[in-house]
Protein chains: 2
Amino acid sequence: MDTRTFKKSLYQELSQVTKALSNPHRLEILDLLAQGSFPVAYIAEQTKLPVANASQHLQVLKKSGLVKTQREGKYMYYELAGQHVFDTWCALRKLGFTQNEEISKLLNDYRNRRNSLKTISSDELNEMMSRQEIYVIDVRPEEEYEKGHIEDAVSYPQQELSERIKDLPEDREIVAYCRGPLCLMADEAVKYLQKEGFEAARLEDGYADWAASGKAVANTKETNEQKSTNKA
Amino acid sequence: MDTRTFKKSLYQELSQVTKALSNPHRLEILDLLAQGSFPVAYIAEQTKLPVANASQHLQVLKKSGLVKTQREGKYMYYELAGQHVFDTWCALRKLGFTQNEEISKLLNDYRNRRNSLKTISSDELNEMMSRQEIYVIDVRPEEEYEKGHIEDAVSYPQQELSERIKDLPEDREIVAYCRGPLCLMADEAVKYLQKEGFEAARLEDGYADWAASGKAVANTKETNEQKSTNKA
DNA sequence: ATTACATTCAATAATTTTGTTGAATGAATA
DNA sequence: TATTCATTCAACAAAATTATTGAATGTAAT
């Protein structure tokens, strides 16, 4: 193989990996899988895709080496294939935020409509938690909380928030977090809490970013292939 | 706009940016633009694309905000739109190297055929240069050397290497570098130099990575919009 | 064994991406 | 002003991607 052919194959293969990333549903799936490993049905439900369709997208991701699978009884668990996959997803996210006009316009419009939405960074949150000044709630679905959550955070799935709002402490600021900066569950939660008279803010990014940066996490159920320690 | 519609638009737009990246020619163009800004004709020549085709690919990149343009007389100079674009390209490169079987196989095959190819990292090179133990040559086309090169490196375009080999010092190790880890010009140069009896190695990555990490660079001609300092 | 259920596969039509060709535009030069 | 040259545009055919549907596979429970 001459150098030109080699180079062509290399870029061809590299573009295949990128093509696997270049679909809105698959990006949403990756963002979900950054929370942990899940069976096809759960992924389909969360992304509002028909199961067969979700399965096909997952297989595209698998063929490119971006996710790996593990059978657990009837269920096929999908998870990110490695740290680099999450890193790349973060890079793409940031790229979109900074370089693309449509995306920054979308975000600005959204943020302006709810201009009272206070956000705090992971580092700030980490600092505040050590001083016990705040009450941190995880508003993702319970399945995701069980797979792993910020240490000392309590699960208040966004759906159940209104039923359980009376359990929240009224003397502390509430910080809600969800999957990541593209996930709106924490925004909805904060909007609701503020309406109800709480002092509330959202974590700027989300669980995946928190865990990837090596901050303290915990999990309730030991999941499949019990991951004893978390990624650093 | 409800949250579901918003989310859908966001992922839609994000996937558009990713689609712009998911073509082998466009990736090769980005790798080239990481060296500096160039007119369409040069980009077309280096990537061996018909000019009209290169132009269309460049416009896809531009529409997604990945590159920007600047007219200079007859020429339209294209350049990366910002640091995040290069960061993302690096993340994708690394992702391909680590997660995709075809790519790792391709690279291993290539490396094995030339098993005597010694590589050194940017940090090692930086260290060695300060002690003047080595002679660093830039084997990219002269146009790219002029836009910016590793400080104290001398231009020996790969094409002209055989004519000018007698100018090289025989008492020092030669280190050749080119555009980046996917560029084969340095490999070819090292192979040739070793055959001719020199002690030679290639820089593991390339100029773009060196410059992005803030190491010392220089440029000969003041190019369009003379960039006084380089990206840190 | 039979049934239930999670997932995958196969086939199709609709849409999008791609490369090619030749013409059109825009800026410098004669 | 006419000419040259770099770049872009427009239009087409070929190829790839996508969503949908219903059937097929594989595992666990009855």
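The model is predicted. The contact between them takes 44 residues from chain B and 44 residues from chain A.

**Symmetry and the chain contact**

- Two copies of a chain are related by a rotation about an axis and a shift along it.
- The copies meet through the same surface, because 100% of the interface residues of chain B are also interface residues in chain A.
- On the side of chain B that touches chain A, the elements giving two or more residues are helix H1 (3-21), helix H2 (24-33), H5 and helix H6 (101-113) of chain B.
- H1(B) gives the largest share of that side, with 14 residues.
- By class, the side of chain B that touches chain A has 19 nonpolar, 16 polar and 9 charged residues.

**A helix pair across the two chains**

- Helix H1 (residues 3-21) of chain A packs on helix H5 (residues 83-99) of chain B.
- Their axes lie 10 Å apart, at an angle of about 105°.
- An angle of 65 to 115 degrees counts as roughly perpendicular, and H1(A) and H5(B) are therefore roughly perpendicular to each other.
- H1(A) makes this contact through A:Glu13, A:Leu14, A:Val17 and A:Thr18.
- H5(B) answers with B:Leu92, B:Leu95 and B:Gly96.
- By class, the contact of H1(A) with H5(B) has 4 nonpolar, 2 polar and 1 charged residues.

- UniProt lists residues 6-100 of chain A as "domain: HTH arsR-type", in an unreviewed entry.
- Over residues 6-100, chain A is 67% helix and 15% strand.
- The end C-alpha atoms of this stretch are 33 Å apart.
- Helix H2 (residues 24-33) and helix H4 (residues 51-63) of chain A cross at roughly 75°, and their axes come within 10 Å.
- H2(A) is therefore roughly perpendicular to H4(A).
- A:His25, A:Arg26 and A:Ile29 of H2(A) meet A:His57, A:Leu58, A:Val60 and A:Leu61 of H4(A).
- By class, the contact of H2(A) with H4(A) has 4 nonpolar, 2 polar and 1 charged residues.
- Helix H3 (residues 40-47) of chain A also packs on H4(A), at an angle of about 110° with the axes 9 Å apart.
- H3(A) is therefore roughly perpendicular to H4(A).
- From H3(A), the contact uses A:Val40, A:Ala41, A:Ile43, A:Ala44 and A:Thr47.
- From H4(A), the contact uses A:Val51, A:Ala54, A:Ser55 and A:Leu58.
- By class, the contact of H3(A) with H4(A) has 7 nonpolar, 2 polar and no charged residues.
- A:Leu58 is named in the contact with H2(A) and in the contact with H3(A).

**Helix H10 of chain A**

- The buried residues of helix H10 (residues 185-195) of chain A are A:Met185, A:Ala186, A:Asp187, A:Ala189, A:Val190 and A:Leu193.
- These buried residues pack against helix H9 (161-164), strand S8 (173-177) and strand S9 (200-203) of chain A.

**A buried loop residue: B:Leu182**

- B:Leu182 lies in the loop between strand S8 (173-177) and helix H10 (185-195) of chain B.
- A residue counts as buried at 20 or more C-beta neighbours within 10 Å, and B:Leu182 is therefore buried, with 20 such neighbours.
- Not counting residues up to four places away in sequence, B:Leu182 touches A:Leu10, B:Asp31 and B:Arg93.
- B:Glu151 is 31 residues from B:Leu182 along the chain, and their C-alpha atoms are separated by 22 Å.

- A:Gln132 is not a glycine, yet has a positive phi of about 55°.
- A:Gln132 lies in the loop between helix H7 (122-130) and strand S5 (134-138) of chain A.
- A:Gln132 is exposed, with 9 other C-beta atoms within 10 Å.
- B:Gln132 likewise has a positive phi of about 55°.
- B:Gln132 sits in the loop between helix H7 (122-130) and strand S5 (134-138) of chain B.
- B:Gln132 is exposed, with 9 other C-beta atoms within 10 Å.

Terms used:
Residues numbered from 1 in each chain as written. Chains lettered and ligands numbered in written order. Predicted model: local features only at pLDDT ≥ 70, side-chain atom pairs only at ≥ 80, totals over all residues. Helix = DSSP H or I, 4+ residues; strand = E, 2+ residues; numbered from the N terminus. Buried ≥ 20, exposed ≤ 12 C-beta atoms within 10 Å, placed from the backbone. Contact = placed C-beta atoms within 7 Å. UniProt positions renumbered as here; feature names shortened; annotations may be inferred. Axes fitted to C-alpha atoms, helices over the stretch in contact; angles between N-to-C directions. Parallel < 35°, antiparallel > 145°, perpendicular 65-115°, else oblique. Nonpolar A, V, L, I, M, F, W, Y, C, P; charged D, E, K, R; others polar.
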